[in-house]
Amino acid sequence: NTDDVKVDLGDGGSSFGAAFGTSSNTIQKPVVYETLPDSQLWTTGFPVLQEGLRNDETDLNCLANTSPVALWVMGQSDADEEYKTEVCRSLAERFGLEWLQPLRLVSVAVKTPERHRTKLMNNVVEQVLRGMEVPIQQTLLLALEFMNSAKCRTNGYILDFPPLSPGDVEAVSNFAQRVTELSGAGEVRLENLFDQDLRKLPPRPPPPPPPKEEGEEGEAPAEGEAAPEGEAEAAPAAEEEAAPSLDTEVAEDEDEAGEKPPPPEAPLVPNPLACMMPRRLIFLSLDLEYQDEVKAQELARIKEKHAAKERRTKELEAAGDEAAAEEVPEEEQEEVAEAEEVPEFPEDEAEQDDLFEKGLGDLLKTVAPFCPQKPLKKSTKLPPLPVESQDDTQPSAVEQRTAFKECDDAAVKVLSEKHHIPLLRLHAHGRSADTIVDLVVQATGGLSWMKVPLPKPLEGAGDEPKECLKLDLNEKQASRRWSPWQMHCPVSLFDKRLVAGDKEFAVEYAGRVFLCGDVKKQRRFCTWPKRFLLQGPSINAPGMHLGYIIASPCGYRSLELANKMHDLYGFDIIDIAAIVAKAMELEAIDAPAEDPDEMNYDGEAQPRMSLDEDDGVPRLMMDEKGALLEGKALETATLVRLVAAALNVKSNVALIAQQKEAIEAAKKAIQDAEAAFEEKPADIALNEDGEPIVELTGPLKVPERGFVLVGFPETDAHIQALKELVRLGIERVLILKLLGEEVPEPADFLAKAGLGEEMPLGSTLESQLANFEALLGIEGLRCEEVPMQASVHDQVVHIRKLIDPFYSVVTDPSAAIEVPDPDEWNLEEAMTAAADEDGKVAEVPVRPVIPWGTCGVYCPVTLKDDFWLSRGQKELQHVFENRVYAMASEKAFADFLAEPERYVPHGREPPIPPPRIVVTGPTGSSVTKQCELLSEVYHIPVLKLEEAWKTEVERRLNEAKAAKKAKDKEQV
């Protein structure tokens, strides 16, 4: 029965109702998202799950784009607020959200060690230690600060509002406005976020002087006499001890004028409080008369139980059985006592640091378990009789509850009308907390978003990565799956760096395994996983600028392969031969000016262009052009400058050159000082190796996107020049080489390909091959060989497997899931393994199931190439994208291994071949009739073999007769 549920969606609530799947009669107005102001965008719906054949990446993307779910709960439903708190905690448990109660968060702040507190926490704790009342605006801001916790950022939270007094309505409105502003901000200065909200506190009074022992009391100095020297020195010390604290403290670095310099501005960081506005404001209402009635009934029930207990005790004592006088069983008392126990927070700093390390830096997750709270499970102990003087039916208590109710109503009105928070009003007459939770689920459509636990670090993985898939699984979990990031760190890729992950820092999230690069990246991922999963993994994502080199003897297919990489990934192609040819056509950098107005004061022509200007156009100097015309080769520095100009990073050359000049000047200054037996100049800093530290005069530029270098560099010196002169890193060097046992000579192969006609293959080819072999031997340089004799398609596939770790390939056996064998499974053995010490089995084991791919037990290769269903073999199985595919032959096994993407469909299921049936039998066995019936059922044509054969024979005979007749006619 939901007659007592009132849903007020407000001006912006219709989109919220549609998002949560509420019934159509609840929504009063059509949804028009375009007219919603920025402050109401948090009411839009959740992303829709895309159903397809390969959902791993789309599921994670949908999860990452789901904003946190926030609910604010208000209402004066009982005198001690226990009922509302029980509702909030039950909702949080049901939906996997964080429960935030401002008063409890104050106790969390007090329990937190001082070195781990924030400025706002220190300010609140200081007020508590001084016995001051913390204003509600600060407790609410403390709750806002705790929304930075992992569960709040990942799943969401439920804010349990405290009782409101008449002056708190404006504070609640200001708090809602503050949350609205922060919810739409992309970046914030998190360290200084609440600096303006710190409460100004008066200085602490000086501590009382220690009591003096008898005989030490000195006489007071006479009027006009100076105090003893020791006492005079003690006075300033006491004043120093009584110095103001917190905001009244005087900074040590004040200037001579006495003005405190402004603190350094905190850096901008991604906003962890984005999308924290509530999707619903839930108001629990209960009439005051009904509260008194319920209270009286509860009091009468407790008195009756106490009277019954007293009668039972007297009866047992009269019978001489004093041991059985206790009404509550002993085992239940122990169970309740264990539920109320709270562990003690360690006092040792090392233990505290270890505790925060295990909590991955999440303060609320680390400290909250050490703060006592009542268990949700009802106690079996009989509560004591309340003191009559504390009965809240007295007039003063009734007036107080009436004032609280009026303040709650006023706050609800402000939040729903002014801040447009959708309102859900629930009457709590005679309803338990579980019933209220069920009503919330019904009224909101079940809060239908993807609910997953927080990330969990996986510790104890063995030598092989696949052990992470089975580590610490419960009985109902078969196996985890690898994420689309495979063996690479998602945090590093978010930072635009391609770094391999380590199984030592593995994390489970949403049933997938992620490998982080180090412990810091693991902590970043665990505290905010959705931030790193907004986009799928890609080596050409915006901001990525990976560099590759294609080195091929005499340039064989190098440009063609570079164009293929451009088509697939959008990489820029830097063809050094084409760049030099274009630079020869353009005007030289230092070409003299022909216009007299462009002459300098001495009447000399000035160059028209700057050597360091980033215009994206590679140009040559006049002497470099002359050297080329004379048949000379360009210097390495010139080639590096042309590459930098093509990538629009030519200004790096000048910045790095200036830094080198400054370092040399600093070294000379140090040498001169040492020669003069003087100390080094104070403005020169040294590193650990004693080398001068000189910062760049400006930021270095990076390429706008990934790039492929063709024709340059070819030697180690070339690669070092790119690194030293431009700070240009190379991800991979791809060298085309004849691979295999019986391969022709490179010169013969290139001559057969037609390259010998364009250029001589003698000394040039030998020099290139020697340079390529030298590159393969350089330590730290990632060089890969590509089979030169393969087709272009096979070469492209091979290159993608080398450079793109996210290209779909067959999973390596060391990382693949274990394929179960249902044929080898035995029920008796499984029952024995699942039995406990007493031989009992909690749940009957089930036969394991193979996670088949889209083709099931049939071979995907024969289905694609031959359009035929052929059953795969158990010995010829591959694991691809966490699914199992069985092949029908060794050739199919090799073909699928080479390019699985060709045989696994994306958008739809593979087409099934039509039935091919042969029906035969003796004359009179109704073969024709059976064929007609099958044709009607399966909608396939009937091929009458005998008739078709006779028709074909007759046609060929007629053709032969006609040919013979024509030949005889020609002879005649």
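A crossing of two helices is called left-handed if the near helix is turned anticlockwise from the far one by less than a right angle, and right-handed if clockwise. I am writing that down before anything else, as I will want it below.

**Ground rules.** I am looking at a predicted model, where local features need pLDDT of at least 70 and side-chain atom pairs count only at pLDDT 80 or more, while totals for chains, interfaces and linings use all residues. Residues are numbered from 1 along each chain as its sequence is written, and side-chain values use heavy atoms, with hydrogens and water left out.

**The whole protein.** I found 31 helices and 21 strands; these are DSSP runs numbered from the N terminus, H or I of at least four residues for helices and E of at least two for strands. Of the 972 residues, 38% are buried, meaning under 20% relative accessible area with a 1.4 Å probe, protein chains only. The protein exposes about 56300 Å², and carbon and sulfur atoms supply 51% of that area; the method is Shrake-Rupley.

**First helix pair.** I looked up α21 (residues 636–646) and α23 (residues 716–726), whose axes come within 10 Å and cross at roughly 60°. That makes α21 oblique to α23, as angles under 35 degrees count as roughly parallel, over 145 as roughly antiparallel, 65 to 115 as roughly perpendicular and the rest as oblique. Axes are lines fitted to C-alpha atoms over the stretch in contact, and angles run from 0 to 180 degrees between N-to-C directions. The crossing of α21 and α23 is right-handed. T636, A637, V640, V643 and A644 of α21 touch H718, A721, L722, L725 and V726 of α23, with contact meaning heavy atoms within 4.5 Å. I see 8 nonpolar, 2 polar and no charged residues there. (Ala, Val, Leu, Ile, Met, Phe, Trp, Tyr, Cys and Pro count as nonpolar, Asp, Glu, Lys and Arg as charged, and the others, Gly among them, as polar.)

Next I took α18 (residues 558–569) and α26 (residues 792–803), which pack at about 60° with axes 11 Å apart. α18 is therefore oblique to α26, and their crossing is right-handed. On the α18 side I noted residues including E560, K564 and Y569, and on the α26 side residues including Q795 and R800. This contact has 8 nonpolar, 1 polar and 3 charged residues.

**One residue.** Is F161 buried or exposed? F161 is buried, with a relative accessible area of 1%. I found F161 in the loop between β4 (156–160) and α8 (169–183).

Technical notes: Buried < 20%, exposed > 50% of the residue type's maximum accessible area, 1.4 Å probe, protein only. Areas by Shrake-Rupley, 256 points an atom, 1.4 Å probe, with all protein chains shown as cover.
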